[in-house]
Amino acid sequence: MKISTKSRYALRIMIFLAENYPLGPIPIKDIADKEMLPLKYTEQIMSKLVKAGLVSATRGNHGGYRLTNLPQNYTVNQIVKVMEIFKTVTPCSDSKNIQCPNVNKCVAADVWQLLQSTIDELLDNITLLDILQLQQDKLNQPSLYLTFLERKANIINS
């Protein structure tokens, strides 16, 4: 299975928006610049993310893009499924939409369905919050969003 460039870039954009969630809307030019992505390509990706309801757009002087929900409520699978034309590894791996006349006697279809369910389960269990934690650990620098959550929790517990 090959994940498209659009999916890879969309995940990078969503991680960036998650990290900067406390700052509010981020201008598209800032997103493209920080992630070193072509502006036109970033616009195409943002359009799909907005249409899917994962991101909201605000027009005007202080406008930009932001997540429509908290980072912990997004999974990698949600993002990938929005961006991919083919949502499964093979046509036979979609157990809900089997068009092959041999599906009931083809063991290979069972293998592809197992592979697909394994991929889906893995990607359904990785959230943007998980990725921010991994990023913080990998870069050994504090995450803006994780620091925001920690301070918020401290205020509530005080």
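How many helices and strands are there in the protein? The protein has seven helices and two strands, where helices (H or I, at least four residues) and strands (E, at least two) are DSSP runs, numbered from the N terminus. This is a predicted model, in which local features need pLDDT of at least 70 and side-chain atom pairs count only at pLDDT 80 or more, while totals for chains, interfaces and linings use all residues. Residues are numbered from 1 along each chain as its sequence is written, and side-chain values use heavy atoms, with hydrogens and water left out.

**Figure 1. The whole protein, for orientation.** Along the sequence, the elements follow the pattern α-α-α-β-β-α-α-α-α. Taken along the principal axes, the C-alpha atoms fill a box of roughly 60 × 40 × 25 Å. Of the 158 residues, 34% count as buried; buried means under 20% relative accessible area, exposed over 50%, and partly exposed in between (1.4 Å probe, protein chains only). Among contacts with a separation of 6 or more, 64% come from residues 24 or more positions apart, a contact being heavy atoms within 4.5 Å.

**Figure 2. Helix 1 against helix 4.** Helix 1 (residues 5-19) packs on helix 4 (residues 76-83) at an angle of about 135°, and their axes are 9 Å apart. The axes are lines fitted to C-alpha atoms, for helices over the stretch in contact, and the angles run from 0 to 180 degrees between N-to-C directions. Helix 1 and helix 4 are therefore oblique to each other: angles under 35 degrees count as roughly parallel, over 145 as roughly antiparallel, 65 to 115 as roughly perpendicular and the rest as oblique. On the helix 1 side you will find Lys6, Ser7, Ala10, Leu11 and Met14, which meet Val76, Ile79, Val80 and Met83 of helix 4. By class, the residues of this contact are seven nonpolar, one polar and one charged. Here Ala, Val, Leu, Ile, Met, Phe, Trp, Tyr, Cys and Pro count as nonpolar, Asp, Glu, Lys and Arg as charged, and the others, Gly among them, as polar.

**Figure 3. Helix 2 against helix 3.** The angle between helix 2 and helix 3 is about 115°, with 9 Å between their axes. Helix 2 passes helix 3 in a right-handed crossing; a crossing is left-handed if the near helix is turned anticlockwise from the far one by less than a right angle, and right-handed if clockwise. Helix 2 brings Ile28, Lys29, Ile31 and Ala32 to the contact, and helix 3 brings Leu39, Thr42, Glu43 and Met46. Five of the residues in this contact are nonpolar, one is polar and two are charged.

**Figure 4. Aromatic pairs.** Rings of Phe, Tyr and Trp (its six-membered ring) pair if their centres lie within 6.5 Å; planes under 30 degrees apart count as stacked, over 60 as edge-to-face and the rest as tilted. By this rule the protein has three aromatic pairs. In one of them, the ring centres of Tyr9 and Tyr41 are 5.5 Å apart and the planes stand at 85°, so the pair is edge-to-face. Tyr9 belongs to helix 1 and Tyr41 to helix 3 (residues 39-51), 32 residues apart. Tyr9 is buried, at a relative accessible area of 19%, whereas Tyr41 is partly exposed, at 23%. The rings of Tyr21 and Tyr145 are also edge-to-face, because their centres are 5.9 Å apart and their planes lie at 85°. Tyr21 sits in the loop between helix 1 and helix 2 (28-35) and Tyr145 in helix 7 (residues 144-157), so this pair ties together parts that are 124 residues apart in sequence. Both Tyr21 and Tyr145 are buried, and together with Phe148 they form one aromatic cluster.

**Figure 5. Helix 6, helix 7 and Leu149.** Helix 6 (residues 128-139) and helix 7 pack at about 110°, with their axes 9 Å apart. That makes helix 6 roughly perpendicular to helix 7. Leu129, Leu132, Gln133 and Gln136 of helix 6 meet Tyr145, Leu146 and Leu149 of helix 7. This contact has five nonpolar, two polar and no charged residues. Leu149 is partly exposed, with a relative accessible area of 24%. Leaving aside residues up to four places away in sequence, Leu149 touches Gln72 and Leu129.

**Figure 6. The surroundings of Gln116.** Gln116 lies in helix 5 (residues 107-124) and is buried, with a relative accessible area of 3%. Not counting residues up to four places away in sequence, Gln116 touches Lys81, Lys87, Thr88, Val89 and Ser93.
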